[in-house]
Amino acid sequence: MKPFFSIIVPCCDVAQYLRESLDSVVKQPFSNWECLLGVEESKDNTEEIAREYAAKDPRFKVFTGPRSGSCSASRNTGIDMATGEYIIFLDGDDTIVEGSLQRLHDKIAARPGADLYPCAVQVLDAKTGKITEVRDNYPADAKPEFTGPEATLFIAGIRKHPAPMMQLTVCRTAFLVEHKLKCIYGLRGQDRNFTPRALYFAKRVCPLHEPFYLYLNNRTGSVVTSIDKGVLLKDEAIIHQSLFEFHSLVSAEPGFDRRLTAIWGQSWISWIAYTWFSPMRIKRIPRARRVETLEILFKNGFTDFGPLLGGVSKSLRIAGKAMYLFARHPLLRIPVELFFRLYFLLSKIKSS
């Protein structure tokens with residue numbers, strides 16, 4: 001029988017968490033699933049644990065690959081391998097809430113055929129062991145169905161950065177395949193690249209409000225804890241340069257909703273400003289590292305970046321041009337940093 005869910009689990013150096021993660025799948029009363037375990041070369045016994053589960057239960061399938069530094073390769077291969085009607089992305093150090101697969105199945109069966117089914121996540125603090133929040137990007141009284149662009153505009157009215165975690169959304173497998181929705185190999189922080197594209201192409205988005213995913217927060221060495229050291233600036237640059245190209249391509253299509261330019265531009269440019277030029281980042285990340293990575297971001301000059309600026313506020317347009325000057329004109333780098341110190345000070349005063 002064809003699985004209803006294909007659960008894709010990237011696994012690398014997660015031995016201390018993996019049994020709990022896979023047990024949360026095995027113990028689900030709903031049983032019509034396959035679980036694809038993408039094991040990359042690890043320093044611990046992650047592969048041994050994965051193969052142990054596959055030996056006991058044929059619904060687990062293990063595939064291996066070299067160490068790539070992110071979940072991207074495993075997720076991409078998992079999409080290619082998936083035989084289920086719908087895909088769930090589960091990280092090897094997170095879990096699925098007890099009994100939630102049955103609830104997901106029943107809610108999807110009641111509204112079948114949508115491209116994306118956004119759900120909710122329970123956030124578990126790794127240090128305290130307590131659930132700190134339940135995160136749902138759609139209020140309970142939100143309408144039951146959106147187009148992808150409508151969903152983007154709706155989320156933007158609630159969140160500053162409308163790119164929810166990939167793991168919050170159940171995706172129709174054929175939809176991902178049709179639109180070749182994959183992650184960029186080797187990059188972390190893929191949500192900001194994957195989610196805007198998925199939402200853009202989706203014809204039907206049906207929020208389910210089901211808190212099925214238990215996300216382990218405050219883990220040592222996570223993406224969030226690494227970014228302040230400049231470790232991920234190259235990833236961020238490649239991700240956003242790809243988004244600039246994506247906007248340049250789709251904004252030329254007939255019927256493109258120009259409000260998306262404003263939403264994406266506001267989100268992406270403000271994120272870049274904070275990531276490269278907030279006072280904390282200027283202090284912690286060497287200037288040479290910020291210059292090097294911004295050159296990646298602006299590899300096409302203003303060709304892809306410029307069109308986004310037209311849709312944002314005047315202050316953010318000025319900030320965007322300042323970023324570009326910082327990357328391209330060495331004599332202006334110190335003045336640009338001084339500008340951003342004032343920019344963020346004024347933003348703080350304005351928001352207080």
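Asp91 touches Val9, Pro10, Ser21, Cys71, Arg75, Gln167 and Tyr213, leaving aside residues up to four places away in sequence. This residue sits in the loop between β4 and β5 (95-96). With a relative accessible area of 11%, Asp91 counts as buried, because the cut-off for that class is under 20%. Please keep in mind that the model is predicted.

- Is β1 enclosed or open to the outside? Seven of the seven residues of β1 are buried, so the strand is largely enclosed by the rest of the structure.

**The six-stranded sheet**

- Strand β1 is part of an open sheet of six strands with mixed pairing, in the order β3-β2-β1-β4-β9-β6.
- At the edges stand β3 (60-65) and β6 (116-118), each pairing on one side only.
- Ignoring direction, neighbouring strands of this sheet are turned by 20° against each other on average.
- Helix α4 (residues 100-110) packs on the sheet and touches β1, β2 (33-40), β4, β6 and β9 (169-172). The direction of α4 makes about 135° with that of β1.
- Strand β1 (residues 5-11) runs parallel to β4 (residues 86-89), and four bridges join the two.
- Within that pairing, Ile8 stands opposite Phe89 in β4.
- On the β2 side, β1 is again in a parallel pairing, this time through seven bridges.
- Which residue of β2 is the bridge partner of Cys11? That partner is Val39.

**The four-stranded sheet**

- A further open sheet has four strands in the order β5-β10-β7-β8, again with mixed pairing.
- Its edges are β5 and β8 (131-136); each has a single partner strand, so one side of each is left without a neighbour in the sheet.
- Strand β7 (residues 120-125) pairs with β8 in the antiparallel sense over five bridges.

**Helices α1 and α2**

- Helix α1 (residues 15-26) and helix α2 (residues 46-56) cross at roughly 20°, and their axes come within 9 Å.
- The two helices are therefore roughly parallel to each other, and their crossing is right-handed.
- From α1, Ala15, Leu18, Arg19, Leu22, Asp23 and Val26 meet Thr46, Ile49, Ala50, Glu52 and Tyr53 of α2.
- By class, this contact of α1 with α2 has seven nonpolar, one polar and three charged residues.

- Helix α9 (residues 233-250) packs against helix α12 (residues 287-297) at an angle of about 20°, with the axes 8 Å apart.
- α9 and α12 are therefore roughly parallel to each other, and α9 passes α12 in a right-handed crossing.
- On the α9 side, the contact is made by Leu233, Lys234, Ala237, Ile238, His240, Gln241 and Phe244; on the α12 side, by Arg289, Arg290, Thr293, Ile296 and Leu297.
- This contact of α9 with α12 has six nonpolar, three polar and three charged residues.
- Helix α10 (residues 259-277) crosses α12 at roughly 160°, and the axes come within 11 Å. That makes α10 roughly antiparallel to α12.
- Here Ile272, Trp276 and Phe277 of α10 make the contact with Arg290, Thr293, Leu294 and Leu297 of α12.
- The classes in the contact of α10 with α12 are five nonpolar, one polar and one charged.

How values were computed:
Residues are numbered from 1 along each chain as its sequence is written. This is a predicted model: local features need pLDDT of at least 70, side-chain atom pairs count only at pLDDT 80 or more; totals for chains, interfaces and linings use all residues. Side-chain values use heavy atoms; hydrogens and water are left out. Two strands pair if DSSP finds at least two bridges between them. Axes are lines fitted to C-alpha atoms, for helices over the stretch in contact, and angles run from 0 to 180 degrees between N-to-C directions. Contact means heavy atoms within 4.5 Å. Angles under 35 degrees count as roughly parallel, over 145 as roughly antiparallel, 65 to 115 as roughly perpendicular and the rest as oblique. A crossing is left-handed if the near helix is turned anticlockwise from the far one by less than a right angle, and right-handed if clockwise. Ala, Val, Leu, Ile, Met, Phe, Trp, Tyr, Cys and Pro count as nonpolar, Asp, Glu, Lys and Arg as charged, and the others, Gly among them, as polar. Buried means under 20% relative accessible area, exposed over 50%, partly exposed in between (1.4 Å probe, protein chains only).
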